[in-house]
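Take a look at the model before reading on.

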Amino acid sequence: MTTGYAVDPARSIPGAHSRRRPSGEPPPLPHRINTSGRWWLAFASMVVVSWILVATIERTAVALDVADHAVLERIASIRTPWLTRLMKVIGLAATGWALQILWLANLVVLLIWRRWRHLIVWIGVGIVVDSIAGSIAGSMQRPRPMGVEILGDWSGFAMPSVPMAILAAFSVNTLYANVPAGHHRQVGKLIVGGLLAAVAASRLYLAQDAPSDVLFGAVIGVTVSLVAFRLFASNEVFPVSYHRGRAAHLPIDGIRLAAIERALKDQLGMIAVEVKPFGLEGSGGSTPLRIRVQGEPDCYVFGKLYAATHLRADRWYKLGRTLLYGRLEDEKPFNAVRRLVQYEDYVLRLLGEAGLPVPRPLGIVELTPEREYLLVMEFFDGAREIGEVEIDDTIIDEGLLVIRRMWQAGLAHRDIKPANLLVKDGHLRVIDSAFAQVRPSPWRQAVDLANMMLVLALRSDARRVYDRTRLQFDEKEIAEAFAATRGLTMPSQLRRMLRAQGHDVHAEFLKLLPYQLPPVRIQRWSVRRAGLTLVALAVASVALAMALQLLTSNPI
Amino acid sequence: MTRRGVAALAGLALMAASGCSGSFEVGSSTVGMPQCPAQQERAPEVNTALLLVAQSVPTATRLPCVRALDVGWTFQRLDARTDRARFSLDSDRNGVKAVTVTLERECDVSAAVEVTSDEAGTHRFDHSASPTAGYRGDRFYVYDGGCVTYHFKLGGKTGAESVPAISEMLQFVDREVLRRYVRDYSDGRFELDAAPRAGG
């Protein structure tokens, strides 16, 4: 068996030099809300200042009323019957039922395409804008326009215009949640701008709102939506896509691709010739990349891109495991992307030092501080998944030795499945140690052994694997492994492949055991698990109630 | 600023914004209340809620308002919209929405009986139901361009005892008072109402 790191590190690439980023220089992929977002924030700040002035200085309020009245009177002077009818039709866009239809249409699209993040931001923006606009209108208590006949329907105080605020927020929500960034979204922005301008004109013509009411409402709606989408569902991390796929994968193109290339050169001295997503279907916790690095000859390295979205995925994964398994898998989630990456890098080094055939870590590359990192490691070029190759005794022995060495070093891989066991040049390689654990429970170590035996038996047979196992493990250890392992404890890929075998490999192993131990109980309750289960049920109930409320209530 | 910072700021802003009106309602119970202007003053202050009530029914020559709240009474939110304004008063003895006041252009008084009106320039009609406990009834004030309904829903054992006290709390204000106020406020640059124009 090849022990430790399998090949020479890619660090030996000639001409590779790293560069320290000087203080003040932006990172390769700066986190920003774009220029337009800043402008809208500035507008919103001006609106807030205006409100404070109007609320505290009567002369300002009178001046604003007089100015608004002058504009409305000029507009009222051009009223004609046909224009009034037209304006009433245009104004329908800001009525309760029209906004309800817009919301429900968005809901359907976002549910079909499973853009949960966009849906949550959509709902959040709707609630926040409705609350802010309603609360401020109730606090400012500005009457409707005076001295001009109001031709359209209205409700409540006028400043800011709640229908305009909600229409603006819903329109921008619709754009950012459904239209992919780029040319189409730019066209969409013009359409939304045109719609808001037309509805604003209608509301002014019909004297439902004063100009400042309309302006302030639109600014609040656009700003909240724009800032929320850029902060919580940015294009870089949550692109709008109509392709089915794992949401955890980040798009590798444009700005991010350039940032990766620059960061690799600056921080690891690697000149990336090609960066391509690799093995996406087998990875949900990161975006895996195969990177061709310039050299003589060029060689490949493997990159795992981690972002805040993966951190959240890790949290949900661990919460799910706690709810499913209880105390046996009770562990705290990571609280920062940097720590998540640091941990995997550390585990790789630990496994390597323990003599396991894992890829050599080549360094961590920072794209956006605290938000996005790339873990670079050796790439097993030409390696094939264990389920696709013939298994000989060497590979079986190497697989079992991996487990023995992890036991000796006090480690568990926790994700032993065909996708994570590769064969290269007739030797076994172990990848994806993100879930590995130091000082795991004995139960988890036993599960690793059983899962390894099951994987090895997929392309050989249970008897052969059992006989080879007996050379490294005693009967009691094997019996404990199969007492610990059943359905839920196996990775889903392994379960799927076992089912596809047509015969029950697990049962065959049980028959080979000289004796069986009673199954290890995996459902263990703790105060934490009980509390989390109750909280999860409560949150689900509240979410359901809110969803029903949003589905049935009038937004205005 | 970090995302957490922005979120916290947004949360604070939201809480502050929603907390403003909420805390006022709990504390003083008068925010959004159409309060009657002081009668003895030549140019009384008119609150904006009353202006909004006036705008909801532009033809109404008189507008309902709250003179002062007795101890134990609190104001519920004002719901003013095209063609209708409505507000309620809660009582610690008679329950929530003990009286609901509605201003409309006209109302159906066919089931009510006309009685002598206690408000000058109005016709009063009363209609009462006989629930097993408390008091239910409607009082209508009909006048030029408008109709105000007092809907009583008095819980508790006191029956109709609170009705005179409620009548004392509620009053009418002449629309002309509001017109004068708006004229003074804008220095004559705009009026409360406008004559309908062509196209309307």
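Which strands of chain A does helix α11 lie across? Helix α11 (residues 337–353) of chain A lies across β3, β4 and β5 (372–378) of chain A, and runs at about 10 degrees to β5(A). Angles here go from 0 to 180 degrees between N-to-C directions, with axes being lines fitted to C-alpha atoms, for helices over the stretch in contact. Helices (H or I, at least four residues) and strands (E, at least two) are DSSP runs, numbered from the N terminus.

A word on the ground rules. This is a predicted model, where local features need pLDDT of at least 70 and side-chain atom pairs count only at pLDDT 80 or more, while totals for chains, interfaces and linings use all residues. Residues are numbered from 1 along each chain as its sequence is written, chains are lettered from A and ligands numbered from 1 in the order in which they are written, and side-chain values use heavy atoms, leaving out hydrogens and water.

Back to chain A: its open sheet has 5 strands in the order β1-β2-β3-β5-β4, with antiparallel pairing. Two strands pair if DSSP finds at least two bridges between them. β1 (272–277) and β4 (361–368) of chain A stand at the edges with a single partner strand each, so one side of each has no neighbour in the sheet. From one strand to the next, the twist averages 25 degrees. Helix α10 (residues 308–325) of chain A also packs on this sheet, touching β2 and β3 (299–307) of chain A, and its direction makes about 70 degrees with that of β3(A).

Here are some strand pairs from both chains.

| Strand pair | Sense | Bridges |
|---|---|---|
| β1(A) and β2(A) | antiparallel | 5 bridges |
| β6(B) and β7(B) | antiparallel | 3 bridges |
| β7(B) and β8(B) | antiparallel | 7 bridges |

For a closer look, A:Glu274 stands opposite A:Arg292 in β2(A), and B:Val113 has B:Asp126 in β7(B) as its bridge partner.

Now for the meeting of the chains. 33 residues of chain B are in contact (heavy atoms within 4.5 Å) with 39 residues of chain A. Together the chains bury about 3000 Å², 61% of it on carbon and sulfur atoms; buried area is the accessible area (1.4 Å probe) that two parts lose on being put together, summed over both. Between chain B and chain A there are 0 salt bridges, meaning a side-chain nitrogen of Lys or Arg within 4 Å of a carboxyl oxygen of Asp or Glu.
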